[in-house]
Amino acid sequence: METWHYEVVSIEGDYANLKRTDIFSEDLKLVARALLPPEITEGSRLKYEMMQYEMI
């Protein structure tokens, strides 16, 4: 299984914009907040592995 790392760039209602930090990419990924840990804030770092996000 692959592991990807993200940073929460912004939170807009029920969605959050995530930016990959393990590779260079200017693209943002829009993710429903229901799939993310409830304690996230802008600037939080996340790990995505086995189809789950967790705080790091």
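User: Where is Ser44 found?

Analyst: Strands are DSSP runs of E, at least two residues long, numbered from the N terminus. Ser44 is found in the loop between β3 (28-32) and β4. This is a predicted model, where local features need pLDDT of at least 70, side-chain atom pairs count only at pLDDT 80 or more, and totals for chains, interfaces and linings use all residues. Residues are numbered from 1 along each chain as its sequence is written, and side-chain values use heavy atoms, with hydrogens and water left out.

User: Is Ser44 buried or exposed?

Analyst: Buried means under 20% relative accessible area, exposed over 50%, partly exposed in between (1.4 Å probe, protein chains only). Ser44 has a relative accessible area of 8%, so Ser44 is buried.

User: What does Ser44 touch?

Analyst: Contact means heavy atoms within 4.5 Å. Leaving out residues up to four places away in sequence, Ser44 touches Tyr6, Glu7, Val8 and Met55. The Ser44 side chain also reaches the backbone oxygen of Thr41, at 2.9 Å.

User: In what order do the strands form the sheet?

Analyst: Two strands pair if DSSP finds at least two bridges between them. Here five strands form an open, antiparallel sheet, in the order β3-β2-β1-β4-β5. β3 and β5 (52-55) are the edge strands, each pairing on one side only.

User: How many bridges join β4 and β5?

Analyst: Four, in the antiparallel sense. Tyr48 has Tyr53 of β5 as its bridge partner. Apart from neighbours within four places in sequence, Tyr48 is in contact with Glu2, Thr3, Trp4, Tyr6 and Tyr53.

How values were computed. Polar contact = N/O pair within 3.5 Å; in protein donor to acceptor, adjacent residues only side chain to side chain.
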